[in-house]
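These are my notebook entries on a structure I looked through, residue by residue. I begin with the model itself and then follow one topic at a time.

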Amino acid sequence: MKIENIELRRVRLPLVRPFRTSFGTAVERETTLVRVVTANAEGWAECAAEPDPLYSSEFLDASDLVIRDHLIPRLQALGNGLTAEKVATTLEPVKGHFMSKAVLETAILDAQLKETGVSFGQYLGAVHDTVPAGVSVGIMDSIDELLDAVEGYLAEGYLRIKLKIEPGWDIAPVRAVRERFGPDMLLQVDANTAYTLADARHLALLDPFDLLLMEQPMKEDDLMGHANLAKLISTPICLDESIESARDAATAITLGACSIINVKPARVGGYLEARRIHDVAAAHGVPVWCGGMLETGIGRAANVALAGLPNFVLPGDTSASNRYYAEDLTAPFVLEKGHLRVPTGPGIGVEVLPDALKRVTVTTTNITF
């Protein structure tokens, strides 16, 4: 496959409602799209890095710089020998920057699969035509507002509710949701690293609510802290930010730091490493699910394909397009009886809508390959 051009396109899309976590409140999705152009196809991907380095050390302006000045030159050196499978090893000398590496690998893989007529799902090993969808509910100004939001999502058909929590917004909202919607609703929480081991007794107060899991309660580098917390509470611990590779997954599982893993392809460097994490977890009998980063249809399409693999046994944050956007950059993903369809077309299986893309584009940079 010969790449002719790589385009970096910064876009901003308004969210249908503000989304608040322990890191802050987002009112729009700002991201960089990467378009890889070959003689016979074009591949698309979106960067998961955010404008500010709060969720991770990566952020958009730095991502654009490292892609342009450090990653693309290394890929150019491969010439016509470049394939998606070679991206990770070629870029390995550049430390970190997993989201930047992931967006390049994904766009190249999309173009590569389009040239061969293979879908993401086929390539990754998906075994399901549809995947169950959950929804992530941000921190609200009041419990009444939260209950209204959850009621609306359940009415739309979402099969699992995830509540963002932080100190001061945890026990009361979880209790209110559980009491209002009953014991059969699949419910989990996500702390986004907001607690410490000193909060173990407080976090144990969530045990009676029969949660599916507690996601990333403590700092990402505190695997031993999570292992100790797991001995003090009965709610299963799921790791998110702590897992950046299949090796991290194996270490966390061996230490007893988690019994469930949230796989975010962008956070781990791409879909090939995400598949390896899936395989490692499956070998240890640890279930996984697919997380989300407010993706547009471009990123959502690839995530849904990944979620079709056999060990993705829990509903992911693979929500419908209208959960976040009034107008998506692709044909919208629509909830069907609580599920999303795995795209079957070549590559990511969706087409970017040029008019919608034009309306949200801020800047464009072209790099001749």
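Leaving aside its neighbours within four places in sequence, which residues is Met218 in contact with? I looked this up and found Thr193, Tyr195, Thr196, Leu197, Gly225, His226 and Leu229, where contact means heavy atoms within 4.5 Å.

Before going on, I note that this is a predicted model, in which local features need pLDDT of at least 70 and side-chain atom pairs count only at pLDDT 80 or more, while totals for chains, interfaces and linings use all residues. Residues are numbered from 1 along each chain as its sequence is written, and side-chain values use heavy atoms, with hydrogens and water left out.

**Entry: Met218**

I placed Met218 in the loop between strand E8 (214-215) and helix H8 (223-232); helices (H or I, at least four residues) and strands (E, at least two) are DSSP runs, numbered from the N terminus. Met218 counts as buried because its relative accessibility is 1%; buried means under 20% relative accessible area, exposed over 50%, and partly exposed in between, with a 1.4 Å probe and protein chains only. I also looked up how Met218 stands to Glu241: they are 23 residues apart along the chain, and their C-alpha atoms are separated by 9.6 Å.

Glu241 is found in the loop between strand E9 (237-239) and helix H9 (246-255). I checked its charge partners, and Glu241 is buried yet has no salt bridge, the nearest side chain of opposite charge being Lys264 at 5.6 Å. Here Lys and Arg count as positive and Asp and Glu as negative, while His and the chain ends are not counted; a salt bridge is a side-chain nitrogen of Lys or Arg within 4 Å of a carboxyl oxygen of Asp or Glu.

What does the side chain of Glu241 make a polar contact with? I found the side chain of Asn192, at 3.1 Å. A polar contact is a pair of N or O atoms within 3.5 Å; within protein, one must be able to donate a hydrogen and the other to accept it, and residues adjacent in sequence count only if both atoms are side-chain atoms. Not counting residues up to four places away in sequence, Glu241 touches Phe23, Tyr55, Asn192, Thr193, Gln216, Glu220 and Arg267.

**Entry: salt bridges**

How many salt bridges does the structure hold? I read off 23, and I looked at some of them by name.

Arg267, which is among the residues that Glu241 touches, forms a salt bridge with Asp240, the closest N and O atoms being 2.3 Å apart. Arg267 lies in the loop between strand E10 (260-263) and helix H10 (271-283) and Asp240 in the loop between E9 and H9, so this pair ties together parts that are 27 residues apart in sequence. Both Arg267 and Asp240 are buried.

I then turned to Arg12 and Glu28, whose side chains meet in a salt bridge (3.9 Å, N to O). Since Arg12 belongs to strand E1 (residues 3-21) and Glu28 to strand E2 (residues 24-38), the pair ties together parts that are 16 residues apart in sequence. Arg12 counts as partly exposed at 36% relative accessibility, and Glu28 is partly exposed with a relative accessible area of 35%. A network of salt bridges links Arg10, Arg12, Glu28, Glu30, Asp61 and Asp64.

Thr363 has its place in strand E13 (residues 361-368) and, at 43% relative accessibility, counts as partly exposed. I noted that Thr363 and Val11 are 352 residues apart in sequence, and 7.4 Å apart in space, C-alpha to C-alpha. Leaving out residues up to four places away in sequence, Thr363 touches Leu8, Arg9 and Arg10.

Is Thr330 buried or exposed? I found that Thr330 counts as buried, because its relative accessibility is 1%. Among the residues that Thr330 is in contact with, beyond its neighbours within four places in sequence, are Gly297, Ile298 and Val350.
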